Amino acid sequence: MYQDVAVTIPQAATVGDTVTLQCRYNLEGEPLYTVKWYKGQSEFYRFLPKELPDTQVFPLPGIDVDLSKSTPHEVVLRNVQPEVSGRYRCEVSTDSPNFFTNIETGYMYVINIPKGEPQMKIEKDSYEIGYTLRGNCTSPPAYPAVNLTWYINKKKVNESSLFYISDPSAAVEGRRAPKITVSGLELDIDGNTFQGGKARLQCVASLFHLYNSEAEIVLEEERPRPRPSSVLGTRDATSGSSSLLRCLIVNSAVLLRVMFR
């Protein structure tokens with residue numbers, strides 16, 4: 001039985017795009033009987049080399065096959081919409097006498113590009129070493145949900161919490177309803193946090209290769225304030241040194257008078 005069947009299906013496409021689904025196969029000398037394409041359990045395209053016409057398209061909501069550009073090895077879909085998201089499979093069968101069949105699948109998302117940038121909030125923008133930075137980052141709504149990643153001075157740090165909120169203004173409900181991603185961060189400030197008294201905090205939002213945006217805040221290192229007790233201690237030490245010096249001067253003068261009598 002032939003084994004060399006592979007599909008190339010875009011992981012994600014933007015609403016309105018034209019996408020190409022590829023199915024490559026090596027029949028190892030067996031005659032081709034048919035190539036079929038399915039979305040889920042529904043067939044929408046068939047190639048039968050022994051029939052005329054040799055291609056057939058079956059109606060399926062949201063699926064618009066461009067027959068002029070489709071071939072036995074690829075199917076071209078025009079003006080894809082969100083409902084076209086799903087699992088696709090290519091089924092290749094050989095002709096008699098063996099009628100071997102092989103199937104390969106892939107998943108494709110069709111998305112609306114998220115509108116706007118992530119929003120980042122932190123308690124304050126200056127910190128002393130030893131304190132804990134607390135903040136959160138919120139993405140614009142999207143389906144599937146946007147990925148949020150934290151960086152401090154371009155080094156990735158793990159979030160402390162992550163949850164998703166349904167978009168209250170969305171017209172779509174159910175599994176494909178847009179979600180808002182909220183990522184929380186708690187980061188202990190140490191001696192490696194600041195570089196030259198500053199630290200660059202970023203929240204990067206991404207969705208496949210189609211959307212990338214970021215929010216950034218520059219943190220300032222807050223120096224500890226001198227304690228009042230340390231100021232008093234310095235004053236007392238200075239006063240003590242002055243008294244000792246006066247005492248040495250007086251004693252030296254007395255000694256000189258005794259020596260020269």
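What follows is a chat about the aromatic pairs, nonpolar cores and sheets of this predicted model.

Reader: Before we start, what kind of model is this, and which pLDDT do local features need?
Author: This is a predicted model: local features need pLDDT of at least 70, side-chain atom pairs count only at pLDDT 80 or more, and totals for chains, interfaces and linings use all residues. Residues are numbered from 1 along each chain as its sequence is written, and side-chain values use heavy atoms, with hydrogens and water left out.

Reader: OK, aromatics. How many aromatic pairs does the structure hold?
Author: Five. Rings of Phe, Tyr and Trp (its six-membered ring) pair if their centres lie within 6.5 Å; planes under 30 degrees apart are stacked, over 60 edge-to-face, and the rest tilted. One of the pairs is tyrosine 107 with tyrosine 109, tilted, at 4.9 Å centre to centre and 55° between the planes.

Reader: And what does tyrosine 109 do with phenylalanine 208?
Author: Those two form a tilted aromatic pair as well, 5.3 Å centre to centre with 35° between the planes. Tyrosine 109 lies in strand 9 (residues 101–111) and phenylalanine 208 in the loop between strand 17 (198–207) and strand 18 (211–221), so the pair ties together parts that are 99 residues apart in sequence. Strands here are DSSP runs (E, at least two residues), numbered from the N terminus.

Reader: Which residues make up the aromatic cluster?
Author: Tyr107, Tyr109, Tyr143 and Phe208 form one cluster.

Reader: Switching topic: what lies over the face of tyrosine 38?
Author: Arginine 89, at 3.9 Å from the ring centre. Lysine 124 lies over the face of tyrosine 131, at 5.3 Å from the ring centre. The cut-off: NZ of Lys or CZ of Arg within 6 Å of the ring centre and within 35 degrees of the ring normal.

Reader: Now the inside. How many residues has the largest nonpolar core?
Author: It has 27, and Trp37, Phe44, Leu77 and Tyr88 have the most contacts inside it. A nonpolar core is a set of buried Ala, Val, Leu, Ile, Met, Phe, Trp, Tyr and Cys residues joined through side-chain atoms within 4.5 Å. Strand 3 supplies the largest share of this core, four residues.

Reader: What does tyrosine 88 touch?
Author: Leaving out residues up to four places away in sequence, its contacts (heavy atoms within 4.5 Å) include Trp37, Phe44, Leu77 and Met108. A second, separate core of 24 residues includes Val157, Phe194, Leu207 and Tyr211.

Reader: Sheets next. In what order do the four strands of the open sheet run?
Author: The order is 10-12-16-15, with antiparallel pairing. Two strands pair if DSSP finds at least two bridges between them. Strand 10 (119–122) and strand 15 (161–166) stand at the edges with a single partner strand each, so one side of each is left without a neighbour in the sheet.

Reader: Over how many bridges do strand 10 and strand 12 pair?
Author: Four, in the antiparallel sense. Isoleucine 122 stands opposite glycine 135 in strand 12.

Reader: And the three-stranded open sheet, what's its order?
Author: That one has the order 1-3-7, with antiparallel pairing. Strand 1 and strand 7 are the edge strands, each pairing on one side only. Strand 1 and strand 3 pair over five bridges, and aspartate 4 has asparagine 26 in strand 3 as its bridge partner.

Technical notes: Buried < 20%, exposed > 50% of the residue type's maximum accessible area, 1.4 Å probe, protein only.
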